[in-house]
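Colleague: I would like to learn how to read side-chain features from a model. Can we go through a case together?

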Amino acid sequence: MLKLLSLIRKNGICCIPKGTVVHGGIDVSVPLYVYGTIYGEVKAGALVYLGNTGSIVGNVYAARLVVYGQIQGEIMISGEAKMMDSANITGNISASPLVIDKDARIDGQVNAIHQQQSAVDNDTTPAQPPRWI
């Protein structure tokens, strides 16, 4: 827990809560947690975490991605992308590596680019949202 709090204090996060609707693009350098709806392009230099109540209608460009919600648009991820059990994707996906749960729904092409991973992974961004979100 201390590591997570230290990370949040140092780098910050951005959260779009349930019930919030954003019209227009978002460009962030910190982890983005989405539980509401975004209509527009999403660019993130870090993790994009889309909760089960979250949806994005637009293209997504990010360093990492975890999806429990819905995306309608192209997805281009420079690092790991995880499509979890409740994910509903309409659009093409490109990521390295790409993890797709057996219950995830994808209507589009999938391009899993395999690359060598370095021995040291410096990304300390949590894959799960903080408990208080």
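**Reading pairs, rings and loops**

Modeller: Start with K43, which is partly exposed, with a relative accessible area of 37%. The cut-offs are these: buried means under 20% relative accessible area, exposed over 50%, and partly exposed in between, with a 1.4 Å probe and protein chains only. A word on the source: this is a predicted model, where local features need pLDDT of at least 70 and side-chain atom pairs count only at pLDDT 80 or more, while totals for chains, interfaces and linings use all residues. Residues are numbered from 1 along each chain as its sequence is written, and side-chain values use heavy atoms, with hydrogens and water left out.

Colleague: Which residue forms a salt bridge with K43?

Modeller: The general idea is that side chains of opposite charge can pair when their charged atoms come close. A salt bridge here needs a side-chain nitrogen of Lys or Arg within 4 Å of a carboxyl oxygen of Asp or Glu. K43 meets that with E41, the closest N and O atoms being 3.6 Å apart. E41 is partly exposed, at 32% relative accessibility.

Colleague: How many salt bridges does a search of the whole structure find?

Modeller: Two. D103 bridges to K102, with the closest N and O atoms 3.5 Å apart. D103 is partly exposed at 44%, whereas K102 is exposed at 76%.

Colleague: Next, rings. How many aromatic pairs are found in the whole structure?

Modeller: The search gives three aromatic pairs. The rings of Y35 and Y49 have centres 6.3 Å apart and planes at 45°, so this pair is tilted. Y35 sits in the loop between strand 4 and strand 5, and Y49 in strand 6 (residues 42-50), so the pair ties together parts that are 14 residues apart in sequence. The criteria: rings of Phe, Tyr and Trp (its six-membered ring) pair if their centres lie within 6.5 Å; planes under 30 degrees apart count as stacked, over 60 as edge-to-face and the rest as tilted. Strands are DSSP runs of E, at least two residues, and helices are runs of H or I, at least four, both numbered from the N terminus.

Colleague: Are Y35 and Y49 buried or exposed?

Modeller: Y35 is buried, at 15% relative accessible area. Y49 is buried too, at 6%. Y49 also pairs with Y68: their ring centres are 5.8 Å apart and the planes stand at 45°, so that pair is tilted. This second pair links distant parts of the chain, with Y49 in strand 6 and Y68 in the loop between strand 8 (60-67) and strand 9 (70-72), 19 residues apart. Y68 counts as buried at 18%. Ring pairs link Y33, Y35, Y49 and Y68 into a cluster.

Colleague: And the glycines? Where is G36 found?

Modeller: G36 is in the loop between strand 4 (32-34) and strand 5 (37-39). G36 is buried, at 2% relative accessibility. Contact means heavy atoms within 4.5 Å. Not counting residues up to four places away in sequence, G36 touches several residues, including I16, P17, T53 and G54. The C-alpha atoms of G36 and I16 are separated by 5.6 Å, with the two residues 20 apart along the chain.

Colleague: What does G24 touch, beyond four places in sequence?

Modeller: I38, Y39 and G40. G24 lies in the loop between strand 2 (21-23) and strand 3 (26-28). G24 is partly exposed, at 31%.
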